[in-house]
Amino acid sequence: MRKKSGKSFNRFWETLSVHFLESTPALFLESVETLRGLPVGVQVIERDFILPSYISDFLQRDDEIDTLGIPYDLGSVMHYGSTAFSVDQKSKTVITRDSLYQQTIGQREKLSFYDVATINTAYCKDECKNEKTKCENGGYMRPSKCSECICPDGLGGDNCEKNEEAKNAECGGVIELSDDWKTLESPNYPDPGYDADQKCSWLLKAPKGKRVEIEFIEDFSFLCTSTCVDFVELKISDDLRNTGFRFCCYDKPEISFVSQSDTAIVLFRSQLSTDIGFKIQVKSTDSEPRTTLAPTIITTTSTPITVDAPNVWADWGEWSMCSRTCGGCGIRSRVRSCRSKKCEGRRQEFATCNLKACPVDKHCAKLLSNNRLCNGKVCTKNDIAISSCDAPQCCPPFQNVDGMCQSDQENQHDELWLSI
């Protein structure tokens with residue numbers, strides 16, 4: 001598409017389908033872009049689990065892509081989800097290097113901030129080069145109206161200096177932190193809980209030289225899907241423009257998080273359902289950044305051996321803890337070491353785990369009651385949540401069969417493998 005002078009594409013593109021975007025030069029598939037040696041973001045399962053006709057979508061791209069200097073975004077609308085083009089709709093074809101991003105990838109609600117920035121950089125880069133509007137926290141001037149700012153998700157105000165305006169709820173704000181804990185929670189937490197189509201954001205500010213500490217407390221429950229649709233998101237890196245970790249389902253994060261800088265953003269979004277939501281406590285801290293889970297370290301007491309014969313592998317190590325407690329979204333892994341100078345085959349294996357269906361949604365009674373009373377428009381919006389409300393839940397594409405999460409081809413590819 002050619003540049004149209006003086007026009008910003010961010011609003012226009014938000015109305016287009018993802019399928020059309022795939023043919024747009026400025027927005028190449030995000031999950032393919034990073035396959036240049038897999039340096040960031042994702043690891044891709046070997047080809048056995050990808051539909052043959054889509055293998056080309058997972059090939060590495062070395063010289064074909066110009067990122068325009070924009071960082072990789074796991075929250076891009078162009079990013080494949082966990083089971084994209086899976087032969088059995090179950091085996092994961094894309095696994096994030098950081099497990100906290102696993103349910104972030106694959107969102108289709110809207111273009112991310114970096115998606116819009118990519119298009120505007122490609123087609124409208126110089127529209128505001130002589131203007132002086134100051135946009136804070138990573139925002140930039142809107143090409144179609146340089147006196148306005150385009151703000152990262154979760155931020156708002158004339159210059160991106162405060163939190164984004166709430167949607168269908170009274171929530172959010174700019175929170176100045178001290179050494180004492182303050183609590184934040186989703187709308188109507190814990191009972192009757194949040195409703196569909198709500199959004200809140202909190203801009204957290206610690207004193208200069210300190211960081212933001214965030215800890216989840218008490219009950220935690222969201223509609224459970226393989227890509228989070230209802231979620232709480234933490235943006236705790238030093239780049240507030242990029243998509244953060246999105247948490248949903250029923251597993252409350254058990255660690256506390258510490259931001260990389262003195263500013264962080266917490267976002268809440270519900271699209272389809274009603275549930276308990278979340279509650280967190282926040283404060284300023286002198287602690288070192290803690291922005292992800294500690295990696296699982298597998299050690300061995302065996303003496304390293306290097307032999308001339310090829311393909312001499314040590315025994316497989318123990319399986320890691322499953323990343324989820326229920327619902328079929330979980331991943332576990334184990335590794336083995338090469339005992340010869342060169343080995344062919346898998347060094348690391350991944351497998352699905354914890355296929356027991358998650359507990360029944362505590363707010364099912366309310367959801368079903370609302371469905372009986374609502375008009376067709378509202379009912380249609382909640383169809384996905386209502387359809388599985390009477391039974392323990394499983395992450396799509398799994399279905400609950402006698403309390404266990406199964407796919408249509410449960411007997412095929414019970415485990416998924418990754419070679420690295």
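## A tour around strand β14

Start at Leu-267 in β14: its bridge partner is Glu-233. Strands here, like helices, are DSSP runs numbered from the N terminus (strands E, at least two residues; helices H or I, at least four). This is a predicted model, in which local features need pLDDT of at least 70 and side-chain atom pairs count only at pLDDT 80 or more, while totals for chains, interfaces and linings use all residues. Residues are numbered from 1 along each chain as its sequence is written, and side-chain values use heavy atoms, with hydrogens and water left out.

**Select β11, residues 231-235.** This strand runs antiparallel to β14, with five bridges between them. Two strands count as paired if DSSP finds at least two bridges between them.

Find Cys-200; Phe-268 of β14 stands opposite.

**Now show β14 itself, residues 263-270.** Eight of its eight residues are buried, so the strand is largely enclosed by the rest of the structure. Buried means under 20% relative accessible area, exposed over 50%, and partly exposed in between (1.4 Å probe, protein chains only). Thr-263, Ile-265, Leu-267 and Arg-269 point one way. Ala-264, Val-266, Phe-268 and Ser-270 point the other way.

**Select the core.** A nonpolar core is a set of buried Ala, Val, Leu, Ile, Met, Phe, Trp, Tyr and Cys residues joined through side-chain atoms within 4.5 Å. The largest one has 47 residues. Trp-202, Leu-204, Ile-214, Phe-216, Phe-247, Val-266 and Phe-278 have the most contacts inside it. β9, β10 (211-216), β11, β12 (245-247), β14 and β15 (279-285) each give two or more residues to this core. A second, separate core has 12 residues, including Cys-146, Cys-149, Leu-155 and Leu-267.

**Zoom in on Leu-204.** What does Leu-204 touch? Leaving out residues up to four places away in sequence, its contacts (heavy atoms within 4.5 Å) include Ile-175, Leu-177, Leu-184, Val-212 and Ile-214. Thr-263, Ala-264 and Val-266 are also among them.

**Jump to Lys-90.** This residue lies in the loop between β1 (42-44) and β2 (94-96). Is Lys-90 buried or exposed? Lys-90 is buried, with a relative accessible area of 1%. Next, pick Phe-49: Lys-90 and Phe-49 are 41 residues apart in sequence and 9.3 Å apart in space, C-alpha to C-alpha.

**Zoom out.** The chain has seven helices and 20 strands. Of its 420 residues, 50% are buried. Among contacts between residues at least 6 apart in sequence, 75% join residues at least 24 apart.
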